[in-house]
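Reader: Could you walk me through this structure, starting with how its elements are counted and then moving from the inside to the surface?
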Amino acid sequence: MPAPGLGPRGLPLTMLGLRGALREPAGCGSCLGAALALLLLLLPAGCPVRAQNDTEPIVLEGKCLVVCDSSPSADGAVTSSLGISVRSGSAKVAFSATRSTNHEPSEMSNRTMTIYFDQVLVNIGNHFDLASSIFVAPRKGIYSFSFHVVKVYNRQTIQVSLMQNGYPVISAFAGDQDVTREAASNGVLLLMEREDKVHLKLERGNLMGGWKYSTFSGFLVFPL
């Protein structure tokens, strides 16, 4: 026979009541909210709180509570009905853009020397803006970027730089005068803060023949 105040298997009655509340149908939101609130009150100080979305679960005195959200935000934050914000460790961020036409650079491109793209192949998280051809980091982390800028029927040497917040980080050159098409290519890993911006800039030469088949890609390697 269980000891007073204990249920089957020696579990406290408060925990049994909590388990019953957690098993209520989906429509019983108030029951679940009250149960979670009670459980949080029972937590010892410093207990880790983590999310389910590809991360470790919450560990509570040998038991496990999973905080779920069917629609986490783009930066990986998950918010429960109790207002607990839990950040996922594997938010997916990736983009790849290409130039599908050989039109001459626009007036804006000639003024800012930004290299523009006109087609998005991948844009997970929607953090690459096609109109400005700028990627904005949704969160702090290590990001990988690569580019391949083609010059067409142009004997001038071009220099293409990857710009982070307006400053050049890496550059690539293409200057062979004996070919009709040549590409300036490079790649890098960058530590980026939230809302840092990255784009490509033509630092030298021109792309008057167009830059069809050029590409610009990037993705979040891991968050920090």
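Author: Strands here are DSSP runs of at least two residues, numbered from the N terminus, and by that count Leu189 is found in strand 12. Please keep in mind throughout that this is a predicted model.

Reader: Is Leu189 buried or exposed?
Author: Leu189 is exposed, with a relative accessible area of 56%, which means that it passes the mark of over 50% set for exposed residues.

Reader: Which residues make a nonpolar surface patch with Leu189?
Author: The patch, of about 580 Å², is made by Leu189 together with Leu191, Phe219, Val221, Phe222 and Leu224.

Reader: What is Val160 in contact with, leaving aside its neighbours within four places in sequence?
Author: With those neighbours set aside, the contacts of Val160 include Ile115, Phe147, Val149, Ile170, Ala184 and Leu200, and also Ser171 and Lys201.

Reader: And where is the place of Gln159?
Author: Gln159 has its place in strand 10, and with a relative accessible area of 18% it is buried. Beyond its neighbours within four places in sequence, Gln159 is in contact with residues including Ser171, Phe173, Leu202, Glu203 and Arg204.

Reader: On to the rings: how many aromatic pairs does the structure hold?
Author: The structure holds 10 aromatic pairs. One of them joins Phe95 and Phe145, whose ring centres are 6.3 Å apart and whose planes stand at 50°, so the pair is tilted. Because Phe95 lies in strand 5 and Phe145 in strand 9, the pair ties together parts that are 50 residues apart in sequence. Phe95 counts as buried at 3% relative accessibility, and Phe145 is buried with a relative accessible area of 2%.

Reader: What kind of pair do Phe128 and Phe216 form?
Author: Phe128 and Phe216 form an edge-to-face pair, at 6.1 Å centre to centre and with 75° between the planes. This pair links strand 7 (residues 128–129) with strand 14, the two residues being 88 residues apart, and both Phe128 and Phe216 are buried.

Reader: Which residues form one aromatic cluster?
Author: The cluster is formed by Phe95, Phe117, Phe128, Phe135, Tyr143, Phe145 and Phe216.

Technical notes:
Residues are numbered from 1 along each chain as its sequence is written. This is a predicted model: local features need pLDDT of at least 70, side-chain atom pairs count only at pLDDT 80 or more; totals for chains, interfaces and linings use all residues. Side-chain values use heavy atoms; hydrogens and water are left out. Contact means heavy atoms within 4.5 Å. Helices (H or I, at least four residues) and strands (E, at least two) are DSSP runs, numbered from the N terminus. Buried means under 20% relative accessible area, exposed over 50%, partly exposed in between (1.4 Å probe, protein chains only). Rings of Phe, Tyr and Trp (its six-membered ring) pair if their centres lie within 6.5 Å; planes under 30 degrees apart count as stacked, over 60 as edge-to-face and the rest as tilted. Patches are made of residues with over 30% relative accessible area and no salt bridge: like charges are joined within 9 Å, nonpolar side chains (Val, Leu, Ile, Met, Phe, Trp, Tyr) within 5 Å. Accessible areas come from the Shrake-Rupley method with a 1.4 Å probe; for residues, only the protein chains shown count as cover. A salt bridge is a side-chain nitrogen of Lys or Arg within 4 Å of a carboxyl oxygen of Asp or Glu.
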